[in-house]
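Walk through this model with the structure open beside the text.

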Amino acid sequence: MATTIPAPASGVPVGPGLSMFDPIFIGIDEFGQPVYITLAYRNLLAGGEPGGGKSGLLNGIAAHAALSVDSRLVLLDGKLVELGQWEDVADAFIGPDITEALAVLRRLQVVMNNRYAWLRAHGRRKLTAADNLTVITVLVDEIAYYSATVGSKQEQEEFVALLRDLVARGRAAGIPVVAATQRPSFDIIPTSLRDLFGYRAAFRCTTPNSSNIVLGHGWAEQGYTATDIAPTNQGAAYLIAEGGIPRRIKVAYLTDTQISGIADYAAWIRRPTTAPAGTTTEWEAVA
């Protein structure tokens, strides 16, 4: 007998699904105008001191990805609680375990290589929405935890190498990376890695140098420094995109209750359905 699964009573309206190729609302600028980013072909780096609002930005992007009909989520969260409410809608949720983190990054690398082989076979250079392949959105809360805190030096170096490869090659294959750190320093975010991120957001920083490490060399000297963000102004940041200048924004904030409601609804619309026998996704094929 068929069983009907009721929609969660979370206050989230049932409506048409979003797409990762749609612009993602992340907040407002200093003039009160909405700010959108298009993440399907870009990566995003967020840096700043603890409590500045980085997790708010990550959760807003996770909400859009969770409600997108063409998206899969891979989450790495060393503290477990910043992205933990999205665990039920993620294909992989990695906590404070670098062995698991490395395993999931290796799987993503295989999927990426397979997609590039498919693109080459079809004479193409990047995926589009018409290809009906999911955008695998990778969110990493605290790069430094996996690259400088937990595990052996060899494991940390492998994590950095795999992450760099995903950031460098993943966007055209539909695997954007959103990463955050509260330690914006050259050992955590070397220039060669930073410059691969199409979007960079500097939340409050304690020194102009830290702000420059996120935004790029010289911006603090031109007056664009995250040190002038008040400690009480959580969610404020300077956002820079490729070829642009930093703009002051205020990131939209979701409460824990709102995140729970959106995550419940996203889990409901993503509930398993009957698939033809023997059918596997590209993600499952490399498990």
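Contact here means heavy atoms within 4.5 Å. Axes are lines fitted to C-alpha atoms, for helices over the stretch in contact, and angles run from 0 to 180 degrees between N-to-C directions. Helices (H or I, at least four residues) and strands (E, at least two) are DSSP runs, numbered from the N terminus. The model is predicted: local features need pLDDT of at least 70, side-chain atom pairs count only at pLDDT 80 or more, and totals for chains, interfaces and linings use all residues. Residues are numbered from 1 along each chain as its sequence is written, and side-chain values use heavy atoms, with hydrogens and water left out.

Start with helix 6 (residues 208-215). It lies across strand 3 (44-47), strand 8 (199-203) and strand 9 (236-241). Its direction runs at about 160° to strand 8.

Those strands belong to an open sheet of 10 strands, in the order 2-1-10-9-8-3-7-6-4-5, with mixed pairing. Two strands pair if DSSP finds at least two bridges between them. Strand 2 (34-37) and strand 5 (92-94) stand at the edges; each has a single partner strand, so one side of each is left without a neighbour in the sheet. Neighbouring strands are turned by 25° against each other on average, direction ignored.

Strand 4 (residues 71-77) pairs with strand 5 in the parallel sense, over 3 bridges. Val74 stands opposite Ala92 in strand 5. Helix 4 (residues 153-169) also packs on the sheet, touching strand 4, strand 6 (135-141) and strand 7 (177-181). Helix 4 makes about 135° with the direction of strand 7.

Next, charge. A salt bridge is a side-chain nitrogen of Lys or Arg within 4 Å of a carboxyl oxygen of Asp or Glu. The count comes to 12. In one of them, Glu242 joins Arg42, with the closest N and O atoms 3.0 Å apart. The pair links distant parts of the chain, 200 residues apart. Glu242 sits in the loop between strand 9 and strand 10 (247-251), and Arg42 in the loop between strand 2 and strand 3.

Last, the space. On a 1 Å grid over the protein atoms alone, a cavity is a set of points where a 1.4 Å probe fits but cannot get out; a pocket is an open set with protein on both sides within 12 Å along at least five of seven lines; lining residues have an atom within 4 Å of a point. Gly53, Lys54, Ser55, Gly56 and Glu82 lie nearest the centre of the second largest pocket, which is lined by 26 residues. Helix 1 (54-66) and helix 7 (256-269) each give two or more residues to that lining.
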